[in-house]
Amino acid sequence: MMPEQINGNEPLLRVSGLNVHFGIGAAAVRAIADVGFTVRKGERVGIVGESGCGKTVTGLALMGLLPRHTTHVTGQMLMDGRNLLELGPRAMQRVRGRQIAMIFQEPMNALDPVFTIGEQISETLRAHFRIGRAEARDRAVAALEAVGIPLPARRYSEYPHQLSGGMRQRAMIAIALACEPRLLIADEPTTALDVTIQAQIIDLLLELSSRTETALLFITHDLGVVASACTRLLTMYAGEIVEDADVDAALVAPRHPYTSGLLRSLPRLTPRKSRLPSIAGQVPSPAEMPEGCRFAPRCAHRGPLCANPVPLIDLGDRRVRCARHAELTLPGCAERRLA
Amino acid sequence: MTALLSWLRRDLRGAISLGFLAALTLLAVLAPLIAPYSPTAQSVAEMLAEPSGAHWLGTDDLGRDVLSRLLHAIGASLYASVLAVAVGAAIGIPIGFVSGFVGGWFDEAISRVIDTLLSFPGIVLAVGVTGALGIGLTNGMIAVGIVFSPTLARLARAQTLVIKHELYVDAARCFGASPWRIIRRHIMPNAIQPVIVQLTLLLAMGLLAEASLSFLGLGVQPPTPSWGAMLARAYSYMEIAPEQMYAPGLAILFTALAFNALGESLRIALDPTMRRR
Amino acid sequence: MMGKRVRLALRRAAQVIPVLILATLVVFLLLHLVPGDPAVTLAGENATEEHIAEIRHFYGFDQPLAVQYLHWLANAAQGDLSHSLISSESVRTSILQHFPATLLIVGLAMLLSIAVGVPLGILAATHQGGPIDTAVTSLASLGVALPNFWLAMILVGWFALQLNLLPATGAAALTEDPVSALRHAILPAVALSAGGIAEVVRQLRSALLEVLSSQFVRTLYAKGLPPRLILWKHVLRNVGVTLLTVLGILFNRLLGATVVVEAVFAIPGMGSLIVQAAIAKDFPVVQGVVFAMVLVVILTNLLIDVLYSMLDPRVSV
């Protein structure tokens, strides 16, 4: 046993050296490269990046939900001293939903259309606890109430298509949190919803996570959500973590040009003369990764050093994958929004 | 040409079935030249002979050479399949396109008719229509074509509906293009791919329908050879010469398999979303 | 809730009426596809002018088509499907005599198709891309391309003539001699079910694959449900609707396919009836058989529709 674990400093989840390959043999491409981070109890971590950066793949890898025969996952995902990657299918099944839960982007497609909302919560409870139907039902109604669904006892016997988008996502959250997991992975939970509903769902997630001390892993491309909801920011680019920092520090003074670029492309409420800056180009596909720094082809600050691979450099209070991090002063948001 | 070659290299099943069908067509054309005997020459001395050097597949109950009849029957089978599908396409596709494009009550009415026709068990309707038109291969296949037509109409209609709502059709209408021009230039090329696949699959159904009708005596009339009719004769003498039923049956099976395999290959080749699988 | 479902069922039933009327129109017009004067065709060769005129009048061919149709429809509604031109027997009586044999082998073939097709379809879909899947789908391709009457002949050759296990031809009434009836029905049903199994496997497999790759199945895994529960509870329930639709298509197809298979086994069913009538140009019988068959199909589809609306909560009530 590691000494850290005994004195209670060991985080809830410690991911290290996580690699995900798609495809088999010579045709395999590495979609996730050497990803490592920790999540502490009750912590709220945001993973940001454009689509195709590997955020969702990371989330699915944590859940063990990547298709077994077409993907190859290596590395370590430590929880309670166990490497989740070494667990057998049955043991991992007991972790999913019970220890780590996940909610998805599209609440309509994420719920089984031919079973009632209530049944979909009860069956989860019954899969993880030795309880009878009646108790499962009571706890499911309670779960619906906890996520702010009005008339929970009635909603229990309704079908997903009878609920609005926001209500469906609340039901989805109720399913995910029914078994009181210690980590909730939320993959773009609000993208498919109306703007007004988005804020409600974020607030709900924050409230529930602080009440139950559930750690949150927010996967999003919306830095605004991260700014308002998270305590730590992980920026991913092309399958790698490029920056890992406290949200406040990262927003004011990002140390990686990609984080800075994402922050600057955020719309602000105060009127500006200049057009919204954006990052030119697009994320390279795993099959055609640049040799050196993966962001270099799109980076305004690239120099000769950037032709070599860059490690994730530990600066004590943050980590950053940029060869020029010491020389650059990068713009972030002027002030922490919504703080 | 190079595209064709690369397709053949990628898709062995498609290449084999296409090769088989090409060879079959060639055999049908060359049948009078390569068949060892006349398909109708009877020989009382050699009734129901077992396979031998002189008659590779033996002879039938009238002493006719089975191999020669088998070769001469290819033409009728291919003709029948193509005719049935052509009739089905000629009736079904225009109706489906127009119905889907015009919409409204017209479409509603056509759809009801299509639904109704699809409720008829295929061969039953084909037998009924053949009876009405008069027994014979061509009439039988026209009947089968009529039976095929609602399937094709429904498919064509569905394709038209999908593409009708695509943006560029609206754009073309804004420019004042006539409906016919929209159908010809925009709807046809895009909607046609699933229809081509369906036509190929129907060729197999047409072949099986021809064999069935000829077996029942409603298709090809004696003494003209046909695989289905050969099976009917073989069946009558099954206790004496059971091996007679294998060759025509296998001929039908392999040809139908080839049409189906070709259809599946076309489906994959024509559908960009299928390529990843 | 139940009241709404009943009302939905009634509305479905009402929607069937236009289809039914159209079907009668199609059946009626079948006879008028005949090129030339139907009376001349009916009278046969060497008929005298008076005889033709008599037939024309007897069948009402001298009246407008619409009147003829309404007349036929009114009779059909009362169960009168006219008389055979050959035996002058009532068409309804013939149909009632011949339908049971057909329904027996079609019913048996349906059971076989489901009993074999459903497990195979599940097996293929859950082993997608593997050798089991390849074997099952190849078998299904074979089943689609196999001429059922040829399979019937082979079955007769092997199991009836060589091994002497089952009767080669004929049928027996289920009500009089159930064992004999079933023994006679086994080979025809097996011959019919080859295509049926293939149909069930193909449709079920693709429906299962679609459901298995859907997002809600990923949620079910994310909840930590055991894979077996996911397959048997959620996936199959979602596929159940498709399966019902497949059963409708299957019934229609088997009812058609039975025509040829009945000929092989010399079964006195609807297939034999219509084939003999078609060859003899006995049009009232042809019309009657086609009408009876389409009626059964339409009613079966109605039943399936109603079941469907009860199974799928998304069907708007």
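Asp34(A) lies in strand S2 (residues 29-39) of chain A, where strands (E, at least two residues) and helices (H or I, at least four residues) are DSSP runs numbered from the N terminus. The model is predicted: local features need pLDDT of at least 70, side-chain atom pairs count only at pLDDT 80 or more, and totals for chains, interfaces and linings use all residues. Residues are numbered from 1 along each chain as its sequence is written, while chains are lettered from A and ligands numbered from 1 in the order in which they are written.

Although Asp34(A) is not a glycine, its phi is positive, at about 50°. The residue is partly exposed, with 15 other C-beta atoms within 10 Å. With C-beta atoms placed from the backbone, a residue is buried if 20 or more others lie within 10 Å of its own, exposed if 12 or fewer, and partly exposed in between. A positive phi of about 50° is also found at Ala266(C), which is not a glycine. Ala266(C) belongs to the loop between helix H10 (227-265) and helix H11 (270-279) of chain C. Ala266(C) is exposed, having 12 other C-beta atoms within 10 Å.

In chain B, a cis peptide bond with omega of about 5° joins Pro222(B) and Pro223(B). Pro223(B) is placed in the loop between helix H8 (179-216) and helix H9 (227-236) of chain B.

The contact between chains C and B takes 40 residues from chain C and 40 residues from chain B, two residues being in contact if their C-beta atoms, placed from the backbone, lie within 7 Å. On the side of chain C that touches chain B, two or more residues each come from helix H1 (2-31), helix H6 (131-145), helix H7 (148-162), H10, H11 and helix H12 (283-311) of chain C. H10(C) gives the most to this side, with eight residues. By class, this side has 34 nonpolar, five polar and one charged residues. Ala, Val, Leu, Ile, Met, Phe, Trp, Tyr, Cys and Pro count as nonpolar, Asp, Glu, Lys and Arg as charged, and the others, Gly among them, as polar.

The contact between chains A and C takes 24 residues from chain A and 18 residues from chain C. Helix H3 (89-95), strand S6 (100-103), helix H4 (107-110) and helix H5 (117-128) of chain A each supply at least two residues of the side of chain A that touches chain C. The most come from H5(A), with four residues. The side of chain A that touches chain C divides into 12 nonpolar, six polar and six charged residues.
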